[in-house]
Amino acid sequence: MGNKRVLSPAKDLDWSAVKYEPEAVHAPHFTGFMLKFFVMLAEMPLVSSLIFSLIKKQNRVTQLLRNTSIPEPPMFRPEFPPQDPEPRVVVVAEDSRPEDRVSVALDCLPPYAAPSSWTHDADAPFRYWKIRDYSYAYRSKLASPTIVAEHFISNIEELRKTKPEMPYLISFDAEDVRKQAAASTQRFEEGTFPLSDVIIQVRISDVFVCPTSDNEELACCSSVLAGNPISVLDGIFMAIKDDIDCFPHPSKGASTFYHEVREVHKDAVSVSRLRQCGAILVGKANMHEFGLGTTGNNPHYGTTRNPHAEDRYTGGSSSGPAAIVASGLCSAALGTDGGGSVRIPSSLCGVVGFKTTYGRTDIAGALCDSGTVEIIGPIASTVEDVMLVYAAILGASPSDRYSLKPGPPCFPNGAPQENSSILGSLRLGKYTEWFNDVFSSEISEKCEDALNLITKFHGCEVKEIVVPELHPMQVAHMVSIGSESLASLTPDCEDGKLTRLAYDTRTNLALFRSFSASDYVAAQCIRRRIMHYHMEIFKKVDVIVTPTTGMTAPKIPPSALKDGETNLQVTGSLMRFIMAPNLLGLPAITIPIGYDKEGLPIGLQLIGRPWAEATLLRLASAVEELCTKSKKRPAAFYDILKVE
């Protein structure tokens, strides 16, 4: 009969027969000389074929892609069935101005209250400065973008002298930051009037409260009282991952050569939208070279270290964006997420990372803008800040609007009582055996605690689910993102640039070269099967809940700093729960929910239906409120607002 297997159609699956199979990645772990030697072998055609044939056979990849008949037709990019509208949301037009969308999102937030830390309360718990805190400080003349810029610049310059170095940024121009800050400061100074001259009642989300002569509190229009900023994002410091265009900085993808073969002439669409809102773009953030890694290791520019523990990885590939937010130096950052690259580092660094539905944001101007698994997404310290940045950058490209037919973008809205009622109606899907398959039980226990809290306080129903064919999903994702990465880099490798790549990048490319055209098509047939299963799951639940990663921040081997490392066991643990949103294009968000016994952050991941970003933001905000009351100050934290 041979080795051929024939899969039954996905629609005929017996869900009661699905069994969870823990996955152990079988692959060598190399650093230093052994990594260099392995790369030399992996790039020898005959030897490479033997090496990767063995690795793929050990990990059941060959059996799935070469010896299996898959009845579904291929799905080469996400295809979504029509979705029901979300309840209690505010819809915005994709064609509206970014600053107008941000204003709508601002209206959906709870009333702003100035932080108690400004009262110099020594007992006040640690909290990150939020975007509205900066806006409040600017409007009320407690600080200015120019003053904050000087704090930022001095800290960045000091970090370059530290041992070990904290290489958050690859490209940074202090004078450009000063220029942007001066323009923002001028906008805040335009049309300023004394508080006693004008008192106007306006929407509460865009105000601060000031007493009248009768000691009666009224909402005062901050846009009249303190200048004329473009939006609440005016004067907010943000970093851009090095694979997203931010003119005039080069886009290197954290390599040593890509800026030589691809010039940057303008901002990426998402960056342009942030700039239109008045954001101060501080430069290009470090990353794992070309996004082909999950740790953030980069021997070219230095490995970004975790602000909670300098001997730990940040996670990747958006290592710099997550670390610079977690350290307090930026309120937000943009990353790209093709294999958890926003969510993994956000979870490991204790911040919020948001992956939108595929096509929800226009990815034009990113190095990965022709891929089918990747999006540009925001990283920030809080859910509300993620929502404000998301409001600015959302909007599908014209081609994606035609082909994907996205649902209208919207934001969660409603009074607290209504929000609680909506949250109480949500059904949360949990696959217990998968949920508990983590490196340390502390991770699953903290995530379980978060589920218990959300159930106790809001009445959400947690339903047991199964997710079929997790191993095929992992293989399909690896082949898809690997083939797309290889296609984009092959012309430069053929042009003599291969040896300028980091050794772990070269290892990955050698693996990707071992996949054939038939492997790629088989992976896309698997993609359709996995999409069918998830759409069936979403008929029973509204959100799938998992830990974000299977381990907390791994240690950095000292031998990996100079030449990098390849460690697919760590990669497998970090990516265990994140692949469905990339392979299927689903929205997902990670929220910090606590720490392990070593003080390392743990994240909870929420995965939603296509186009259901508002539901995820609403639920994430509730989880955040319940789980982050005792947030830990990172070991490397910089207060650039410094309100006295």
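Start by selecting Asp234: this residue is buried, with a relative accessible area of 0% (buried means under 20%, exposed over 50%, partly exposed in between, with a 1.4 Å probe and protein chains only). Before moving on, note that this is a predicted model, where local features need pLDDT of at least 70, side-chain atom pairs count only at pLDDT 80 or more, and totals for chains, interfaces and linings use all residues. Residues are numbered from 1 along each chain as its sequence is written, and side-chain values use heavy atoms, leaving out hydrogens and water.

The structure holds 33 salt bridges.

Next, select Glu384 and Arg132, a salt bridge with its closest N and O atoms 3.1 Å apart. Both residues, Glu384 and Arg132, are buried.

For another pair, pick Arg427 and Asp542, where the closest N and O atoms of the salt bridge are 3.3 Å apart.

Finish with the largest nonpolar core, which has 176 residues (buried Ala, Val, Leu, Ile, Met, Phe, Trp, Tyr and Cys residues joined through side-chain atoms within 4.5 Å). Phe152, Leu233 and Leu619 are among those with the most contacts inside this core. A second, separate core of 9 residues includes Ile344, Ala553, Met575 and Met579.

Key: A salt bridge is a side-chain nitrogen of Lys or Arg within 4 Å of a carboxyl oxygen of Asp or Glu.
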